[in-house]
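Subject: Handover of a structure for your review

Dear colleague,

Please find below the structure that I am passing on to you. My findings come after it.

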Amino acid sequence: MENVMTAIRVVPLDHYLILSFLLFSIGMVGALVRRNIIIVIMCLELMLNSVNLLLVAFSAYHSDPGGQIMVFFIMLVAAAEVTVGLAILVLLKRNTDSVDMNQLNRLKW
Amino acid sequence: MLYLFYFFAAISVIAALVVVSAKSPINSVIALVVCFLSIAAHYILLNAQFLAMVHVIVYTGAIMVLMLFVIMLLNMNTVVEVRKPVVTRILAVVTGGLFFLVLLAATRSGLSTPVPADFDPGIGLVKRIGMSLFQEFLVPFELSSVLFLSAMAGAMMLAKKDGTANVNLPPSSEPNDSRA
């Protein structure tokens with residue numbers, strides 16, 4: 001157990017940075033490219049999770065539990081956000097019979 | 001240890017790419033579940049055991065199942081998605097790549113903050129997180145229950161069936177919408 005615990009910092013912190021940036025960029029590209037609303041919501045979840053991963057990595061490397069508490073609250077807020085977002089999606093699908101992002105372009109005005 | 005990290009990193013990146021590029025929303029959800037499980041594996045590698053369990057339970061157990069329910073209830077696997085024009089897609093990919101490069105360049109030299117030498121590996125254990133959560137962060141923790149209550153009430157009010165709260169968008173307002 002002690003071996004496992006002391007082996008945490010074998011991976012350089014930069015690797016976690018690069019992985020997290022990569023996941024965030026992929027999520028951003030997905031949110032820009034796709035028109036299906038539910039896939040855009042999933043890409044938002046992906047971006048949230050990449051930030052969570054970075055927070056946990058920094059928290060573990062600096063021995064500070066505050067980062068992990070922050071991640072916990074981010075998960076709570078994400079769960080609430082997905083609930084309301086999917087309710088809006090169901091409403092949109094029921095009213096317009098499609099899940100296209102461009103159905104919502106009248107919200108611009 | 002390092003190879004485990006590379007293994008799970010490769011799984012998460014490939015699964016994220018599948019999420020973005022899959023045709024059917026069901027495939028996207030499955031790929032996102034794989035991606036979230038590999039992120040939970042990263043949490044275990046970092047010895048954040050509490051967060052790994054919460055991540056598996058909340059994300060892959062609750063949120064993804066909720067999304068699958070919505071996709072199947074709305075019969076969305078038969079919907080044909082109109083793709084954005086090629087120029088928009090290429091520009092989006094270029095934007096994402098540039099964003100990645102900017103982030104890399106910004107942290108390339110700025111990450112010289114030294115990692116402290118005194119190192120406590122047991123920071124992510126359930127006991128430690130629980131003590132911190134219920135002593136320092138008790139008020140936000142209790143406030144989050146109010147947030148959940150309001151989210152639940154809002155979701156039920158939005159999605160309930162009677163016609164009083166409908167916003168009455170016209171059925172198809174554009175010529176190029178996605179009705180097959």
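Predicted model: local features only at pLDDT ≥ 70, side-chain atom pairs only at ≥ 80, totals over all residues.

Chain A

Chain A consists of four helices and contains zero strands. Read from the N terminus, the order of its elements is α-α-α-α. Along the principal axes, the C-alpha atoms of chain A occupy a box of roughly 55 × 25 × 25 Å. The radius of gyration of chain A is 18 Å, whereas a compact globule of 109 residues would have a value near 13 Å. Of the 109 residues of chain A, 56% are classed as buried. If one takes the contacts within chain A between residues at least 6 apart in sequence, 48% of them link residues at least 24 apart.

The contact between the chains

Chain B contributes 83 residues to the contact, and chain A contributes 69 residues. On the side of chain B that touches chain A, at least two residues each are supplied by α1 (2-21), α2 (25-45), α3 (49-73), α4 (86-110), α5 (126-135) and α6 (138-159) of chain B. The largest share of that side, eleven residues, is provided by α4(B). Sorted by class, the side of chain B that touches chain A comprises 57 nonpolar, 18 polar and eight charged residues.

The size of an interface is often expressed as the accessible area lost when the parts come together. For the present contact, I have given residue counts: 83 from chain B and 69 from chain A.

With kind regards

Terms used
Residues numbered from 1 in each chain as written. Chains lettered and ligands numbered in written order. Contact = placed C-beta atoms within 7 Å. Nonpolar A, V, L, I, M, F, W, Y, C, P; charged D, E, K, R; others polar. Rg over C-alpha atoms; globule rule 2.2 N^0.38 Å. Buried ≥ 20, exposed ≤ 12 C-beta atoms within 10 Å, placed from the backbone.
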